[in-house]
Amino acid sequence: MSERIAFQGELGAYGHEAVLKARPNAVPVPCHGFEEVIAAVRDGVADKAMLPVENTTYGRVADIHRLLPDSGLHIVDEAFVRVRIALMAMPGQTLDDIKHVRAHMVLIPQARAFLDANGISASAAADSAGAAADISANGEMGVGALASAVAADIHELEILARDIEDQGHNTTRFLLMAPDADTARRSDDMITTFVFEVRNIPAALYKAMGGFATNGVNMTKLESYMVGGAFTATQFYADIEGHPDDPAVARALEELDYFTNRLDILGVYPAAPDRD
């Protein structure tokens with residue numbers, strides 16, 4: 001039986017595209033929100049979860065860092081999806097017939113130049129693939145959706161324009177998460193992701209980071225976020241290159257642990273080939 005992977009959005013969403021890229025034979029399980037994605041795995045509705053963590057244009061995905069540490073899930077893989085925006089509509093129309101489009105609020109500004117050049121107005125929808133599904137179900141004419149080309153195929157819409165995004169580098173990073181950790185060294189290039197909370201002492205973060213510098217461990221990401229509504233309870237999310245069994249990584253994590261109240265490894269997984 002193929003594994004089931006939950007993602008946020010309707011069939012054809014960019015999360016669905018991430019599922020297809022990471023596990024082509026998996027059964028996609030659409031969910032309304034990130035919490036529902038996590039719950040789907042906890043409740044046995046899905047075997048794994050595909051969650052977006054960051055975007056090259058908009059940065060961190062809202063709320064996701066808050067959810068990951070307490071999700072009970074572990075990162076086992078990553079996938080990078082280039083956000084290619086297509087304008088799709090009911091078959092039999094031309095671009096001149098489309099006066100209005102609907103899409104997720106984050107997607108609309110990314111195609112602003114194209115929309116303005118073609119005199120097309122836009123309004124926000126809860127989900128871009130969902131907007132495509134609604135147009136197809138209702139047979140709406142004169143209205144289009146901005147979404148992944150995968151959504152057009154699934155919902156039997158015609159693509160009137162492709163790659164209309166303003167920036168050609170726009171990419172979203174997704175994390176594939178499972179109930180059980182897989183810390184095996186599955187590649188020469190491994191990534192270790194963890195969250196930590198520094199002790200409330202002077203220069204704690206500076207001292208905690210020192211171990212990575214002195215041991216030559218490359219930290220590719222470090223982000224802070226508030227927890228529990230307390231200004232003194234700042235947590236940090238970090239990605240480093242390497243495996244916890246590597247001597248240099250082990251020494252750096254040991255030093256980090258000395259300056260933290262909490263240190264949780266979220267996952268150890270291969271670096272995606274297109275990470276760079």
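Predicted model: local features only at pLDDT ≥ 70, side-chain atom pairs only at ≥ 80, totals over all residues.
Colleague: Which residues lie closest to the centre of the largest pocket?

Modeller: Gln8, Phe34, Pro52, His104 and Val106 are the closest to its centre, out of 27 residues that line the largest pocket. Strand S1 (4-8), helix H1 (14-22), strand S3 (48-55), strand S4 (59-60) and strand S11 (171-178) are the elements that give two or more residues to this lining. The largest share, three residues, is that of S3.

Colleague: What classes of residue make up the lining of the largest pocket?

Modeller: There are 14 nonpolar residues, ten polar ones and three charged ones.

Colleague: And the second largest pocket: what is its volume, and which residues lie nearest its centre?

Modeller: The volume of the second largest pocket is about 190 Å³. Its lining has 15 residues, and Asp189, Met190, Glu241, Ala271 and Arg275 lie nearest the centre. By class, that lining consists of five nonpolar, three polar and seven charged residues.

Colleague: Now the rings. How many aromatic pairs does the structure hold?

Modeller: Four. To read a pair, take the distance between ring centres and the angle between the planes; an angle over 60 degrees counts as edge-to-face, one under 30 as stacked, and the rest as tilted. Phe194 and Phe196 are one of the pairs, with centres 5.9 Å apart and 35° between the planes, and this pair is tilted.

Colleague: Are Phe194 and Phe196 buried or exposed?

Modeller: The cut-off for buried is under 20% relative accessible area. Phe194 is buried because its relative accessibility is 0%, and Phe196 also has a relative accessible area of 0%, so Phe196 is buried. Phe194 and Phe196 belong to one aromatic cluster with Phe212 and Phe236.

Colleague: Why does the pair of Tyr258 and Phe259 count as edge-to-face?

Modeller: The planes of Tyr258 and Phe259 stand at 90°, with ring centres 5.0 Å apart, so the pair is edge-to-face. Tyr258 counts as exposed because its relative accessibility is 57%, whereas Phe259, with a relative accessible area of 12%, is buried.

Colleague: Which residue lies over the face of Tyr258?

Modeller: Arg199 does, at 5.7 Å from the ring centre.

Colleague: Where does Glu254 lie, and how far is Glu254 from Ala208?

Modeller: Glu254 is part of helix H8 (residues 247-258). With a relative accessible area of 60%, Glu254 is exposed. For separation, read sequence and space as two values: Glu254 and Ala208 are 46 residues apart in sequence, and 9.7 Å apart in space from C-alpha to C-alpha.

Colleague: How do Gly92 and Thr171 read on those two values?

Modeller: Gly92 and Thr171 are 79 residues apart in sequence, and their C-alpha atoms are 31 Å apart in space. Gly92 is in the loop between strand S6 (86-89) and strand S7 (100-104), and counts as exposed because its relative accessibility is 71%.

Note on methods: Residues numbered from 1 in each chain as written. Heavy atoms only, no water. 1 Å grid on protein atoms, 1.4 Å probe; cavity = no way out; pocket = protein on both sides within 12 Å on 5 of 7 lines; lining within 4 Å. Helix = DSSP H or I, 4+ residues; strand = E, 2+ residues; numbered from the N terminus. Nonpolar A, V, L, I, M, F, W, Y, C, P; charged D, E, K, R; others polar. Points joined across faces, edges and corners; volume = space filled by probe spheres on them. Phe/Tyr/Trp six-rings, centres within 6.5 Å; stacked < 30°, edge-to-face > 60°. Buried < 20%, exposed > 50% of the residue type's maximum accessible area, 1.4 Å probe, protein only. Lys NZ or Arg CZ within 6 Å of the ring centre and 35° of its normal.
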